[in-house]
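Hi,

Here is the structure I said I would pass on. Have a look at it first, and then read on for what turned up.

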Amino acid sequence: MRADFTRANFSEARHLVLKYVCATCWGPLVERIEYPDSFVECAKSDEDCSKTGFVTKSYAERRHAEDHGDAYEAKQNLPFLKKDAPADPGEIIKDITGG
Ligand SMILES: [Zn+2]
């Protein structure tokens, strides 16, 4: 059995597919039935995702919202940083640290 699969009965598998997403790509999970077992895994191919486990959909949605907020803040600050930032990395460090 591959480590990136979760063996489950039908009811457990349905619950996992409905309530969880891939911990690596936050993509949907799929159930694969190999009678009498069911396995749950990321829907992406092995080449597209390392499939390290599952997280709840609510956790992924909260993290996505936080990332969106961070991106918005970075976009707001970027013009200021571009305009006033020194070109020399040493000067940037001095500017940040005050020395
Ligand atoms: Zn994935």
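Strand 1 and strand 4 run antiparallel to each other and are joined over three bridges. Before going further, please keep in mind that this is a predicted model.

That pairing is part of an open sheet of three strands, ordered 1-4-3 and paired antiparallel. Its edges are strand 1 (6-8) and strand 3 (29-34), each of which pairs on one side only. From one strand to the next, the twist averages 30 degrees.

Now for the chain as a whole. It has three helices and five strands, and from the N terminus they come in the order β-α-β-β-β-β-α-α. There are 99 residues, of which 10% count as buried. If you take contacts between residues at least 6 apart in sequence, 51% of them join residues at least 24 apart.

And what makes up the largest nonpolar core? Eight residues do: Ala-13, Tyr-20, Val-21, Cys-22, Leu-29, Val-40, Cys-42 and Phe-54. Strand 2 (20-22) and strand 4 (37-42) are the elements that each give two or more residues to this core, and strand 2 gives the most, with three.

Cheers

Terms used. Residues numbered from 1 in each chain as written. Predicted model: local features only at pLDDT ≥ 70, side-chain atom pairs only at ≥ 80, totals over all residues. Helix = DSSP H or I, 4+ residues; strand = E, 2+ residues; numbered from the N terminus. Buried ≥ 20, exposed ≤ 12 C-beta atoms within 10 Å, placed from the backbone. Contact = placed C-beta atoms within 7 Å. Core = buried A, V, L, I, M, F, W, Y, C linked by C-beta atoms within 7 Å. Pairing = 2+ DSSP bridges. Axes fitted to C-alpha atoms, helices over the stretch in contact; angles between N-to-C directions.
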